[in-house]
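Reader: I'm new to this one. Could you walk me through how to read it?

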Amino acid sequence: MSVVLEAKYINKYFKKPVLFHVLKDICFNVKQGEFTSIMGKSGCGKSTLLYILSTMDTDYDGELYLNNELITGRDRQYLSYLRNKHIGFVFQFHYLLSEFSVLENVMLPAKKLAEKSLQEIEYDAMQKLKMLHIDHLSKKRASRVSGGEKQRVAIARALINNPSIIMGDEPTGNLDSHNAENVFNIFKELSEEQGLSLLIVTHDKDFASKTDRIIQMGDGKILV
Amino acid sequence: MINWKVILHIAKTHLLTKIKQTAIASLGVTFGIGSYITLVCFMTGLNGMLDDLILNQTPHVHIYNEIEPSKIQPVSVFNNLENSFNIVHSIKPKLSQKKIHNAIPIIDYLNSNSNVRGALPQIKTQIFYIAGSIELGGNLTGINPIDEARLFNMGDYIVEGSAEDLYNTDNSILLGIGIANKMALKIGDRVSVSPINGGNFPLKIVGFYQSGIADLDDIQSFANIKTVQRILGKANNYITDINVKLHDIEHAVPLAKNIEQQFNLKAIDIKTANAQFETGTTIRNLITYAVSITLLIVAGFGIYNILNMLIYEKMNDIAILKATGFSGRDVQLIFMSQAMIIGFVGGILGLLIGFGLASLIGTVPFQTEALPTVETYPINMNPLFFVIGFSFAMFSTFLAGYLPSKKAKKIDPVRIIRGQ
């Protein structure tokens with residue numbers, strides 16, 4: 001199986017308020033179709049690692065490869081393009097654009113990528129919404145749907161450009177067990193049926209135990 | 001690659017969902033630009049009126065024979081007294097003719113100059129208006145009425161009758177309104193005038209003249225050049241003054257100098273004659289611009305403020321947009337285009353409001369003795385003001401949007417996403 005994401009000797013320091021070595025020689029990779037979760041105590045640097053992997057944080061040492069292409073040191077414009085095309089995000093808080101409709105929220109990254117016509121994008125977006133059983137909400141304002149629904153909209157948005165990997169920062173952290181279960185099942189399905197790679201930071205042991213692989217972190221290092 | 005369609009779509013949605021804020025921001029621009037247009041149209045209109053009050057009637061170069069003492073007294077010419085100390089007491093002006101020598105060839109010469117719009121002859125003389133046994137002193141000026149009306153807007157100061165009437169009627173007079181009131185005369189009456197050296201000439205009144213300066217209207221009257229020549233008993237080349245109007249007022253000073261040297265006459269240019277007036281105009285313009293710029297700057301700060309607030313409110317949106325693949329530049333363009341849309345809409349509305357208010361002021365009655373032909377407040381609707389107003393609306397919203405949008409560009413999405 002090909003490697004989607006690979007980190008080599010990643011080191012990260014927080015300079016304020018005092019110099020602090022957050023991540024120490026992180027090396028690991030995520031293969032295609034792999035459902036990986038990262039666990040660890042608060043403050044062990046797992047979220048920091050995720051944001052480095054997401055290309056949003058560029059202030060680190062080491063090398064990062066996406067689809068075997070070195071992306072460390074590329075300019076921000078190109079990184080934005082990479083995020084748009086290859087990486088889908090799901091956050092703990094739903095982070096939808098509250099003034100746009102659900103459908104528009106899902107379509108926006110594809111519009112930005114502009115590889116397809118508007119009709120195709122709209123069709124795709126409706127497909128994703130249908131897949132997540134929220135197509136009936138498509139015309140509603142994003143601020144008017146419930147928490148669990150919002151998270152599913154966020155997943156649909158993460159999927160719209162058919163990314164290489166989906167990253168989640170505690171995507172179920174803010175949901176009740178029923179909705180959390182629901183979100184997990186969606187991820188599982190995507191991983192198994194569509195061969196999508198997933199990298200999820202979580203506190204939830206039940207959630208993690210059901211994934212293909214658990215990366216345990218502690219004090220800025222990978223333990224297992 | 002910039003995807004304008006998406007950027008504008010997001011900008012539009014932001015603006016429309018916060019329609020109140022958008023409206024307030026646009027109104028800030030609207031009032032700024034609207035009051036700028038109103039103010040500048042009104043003030044330059046008034047300035048123009050004041051300028052016209054003086055400048056329209058004033059020749060750009062006035063040529064005449066000055067009565068003055070000889071600069072070189074005979075004693076200094078006498079060689080034998082060259083190195084001695086002479087004092088001449090009570091020097092009197094030299095007796096010289098009032099008329100301009102060879103006036104008609106000089107006028108022809110001036111008219112052939114391409115800078116000159118027209119050179120008009122005049123005869124200025126003192127007369128008495130005779131009403132029964134009373135003699136009122138006054139000035140009578142001989143003119144070419146049609147040309148005076150054409151070049152010096154004389155028509156604006158004729159309250160009854162017209163320049164054509166004066167031109168067409170033999171032995172006619174255009175009487176100062178002050179004299180007419182004193183002597184209870186009306187159009188069609190006859191008034192007797194008497195030149196200083198005697199005689200009595202009845203002239204028919206064809207109109208009244210009102211300059212707005214009461215002292216002048218009490219003494220000044222106009223007649224055709226030929227009539228005045230006849231009254232004075234002079235030949236038809238008797239001309240005492242030449243008034244020159246130029247295409248460009250800037251040529252007045254060099255032309256006046258040339259004429260003085262070439263013809264040995266006194267030539268006064270408008271700038272020398274109205275030096276204080278020039279200063280007044282400059283200061284009024286300065287005030288106009290100072291006030292307008294203040295208005296525009298205040299409007300600009302309003303926009304800056306509102307966009308700044310908007311960006312603080314939209315921090316989350318900015319973080320999401322960046323996380324989902326919008327670059328910093330895209331985000332900056334989203335907020336810049338919001339600023340420019342506000343500027344555009346506010347600017348256009350401002351122009352309309354300014355136009356409306358200025359037109360309204362233009363209909364307000366304004367009657368003044370000084371300007372008999374002015375009936376409403378003067379408004380100067382120069383298209384240039386509208387261009388300036390609109391450009392400033394765009395420019396100031398650009399600046400006001402640039403700084404906050406630059407901030408939006410630099411926002412670190414990680415910090416916001418993790419901050420929650």
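Author: Let's take the sheet, then a helix pair, then the chain contact. This is a predicted model, where local features need pLDDT of at least 70, side-chain atom pairs count only at pLDDT 80 or more, and totals for chains, interfaces and linings use all residues. Residues are numbered from 1 along each chain as its sequence is written, with chains lettered from A and ligands numbered from 1 in the order in which they are written.

Reader: In what order do the strands of the open sheet in chain A lie?

Author: Strands (E, at least two residues) and helices (H or I, at least four) are DSSP runs numbered from the N terminus, and two strands pair if DSSP finds at least two bridges between them. Here six strands line up as β6-β7-β8-β3-β9-β10 in chain A, with mixed pairing. At the edges sit β6 (87–90) and β10 (221–222) of chain A, each pairing on one side only. Further in, β3 (35–40) and β8 (197–201) of chain A run parallel, joined by four bridges; A:Phe35, for one, has A:Leu198 as its bridge partner.

Reader: At roughly what angle do α2 and α14 of chain B cross?

Author: Axes are lines fitted to C-alpha atoms, for helices over the stretch in contact, with angles from 0 to 180 degrees between N-to-C directions. The axes of α2 (19–55) and α14 (328–363) of chain B come within 6 Å and cross at roughly 35 degrees.

Reader: How many residues of chain A are in contact with chain B?

Author: Contact means C-beta atoms, placed from the backbone, within 7 Å. By that rule, 23 residues of chain A meet 20 of chain B. The largest share of chain A's side, six residues, comes from α2(A).

Technical notes:
Contact = placed C-beta atoms within 7 Å.
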